[in-house]
Amino acid sequence: MTANKLINGDRFEVVRGKYLDKQIQCPNCHYAISRPEEKKGGIRETESLMEGTPT
């Protein structure tokens, strides 16, 4: 991240999303595992990209 900040200056911004655990289950053996799923970061990134586009 530091290298990107040095190369791109103010054009580079790190946006951290919020992740929630989602339980997924194997349809054959019914073994359940927890998998992180992003809930907010993608929406925020899209909104910030849309702000810079002409309408």
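Here is a short chat about reading a few features of this predicted model.

Trainee: What should I know before I start?

Mentor: Numbering runs from 1 along each chain as its sequence is written, and side-chain values use heavy atoms, with hydrogens and water left out. As the model is predicted, local features need pLDDT of at least 70 and side-chain atom pairs count only at pLDDT 80 or more, while totals for chains, interfaces and linings use all residues.

Trainee: How many salt bridges does a search of the whole structure find?

Mentor: A salt bridge is a side-chain nitrogen of Lys or Arg within 4 Å of a carboxyl oxygen of Asp or Glu. The search finds one: Glu37 with Lys22, whose closest N and O atoms are 3.4 Å apart. Glu37 lies in strand 2 (residues 32-38) and Lys22 in strand 1, so the pair ties together parts that are 15 residues apart in sequence. Strands here are DSSP runs (E, at least two residues), numbered from the N terminus.

Trainee: Is Tyr19 buried or exposed?

Mentor: Buried means under 20% relative accessible area, exposed over 50%, and partly exposed in between (1.4 Å probe, protein chains only). Tyr19 has 52%, so it counts as exposed. Glu37 is partly exposed at 22%, and so is Lys22 at 36%.

Trainee: Which residues does Tyr19 touch, not counting those up to four places away in sequence?

Mentor: Contact means heavy atoms within 4.5 Å. Tyr19, found in strand 1, touches Pro36, Glu37 and Glu38 on that count. Tyr19 and Glu38 are 19 residues apart in sequence, yet their C-alpha atoms are 4.4 Å apart in space.

Note on methods. Helices (H or I, at least four residues) and strands (E, at least two) are DSSP runs, numbered from the N terminus.
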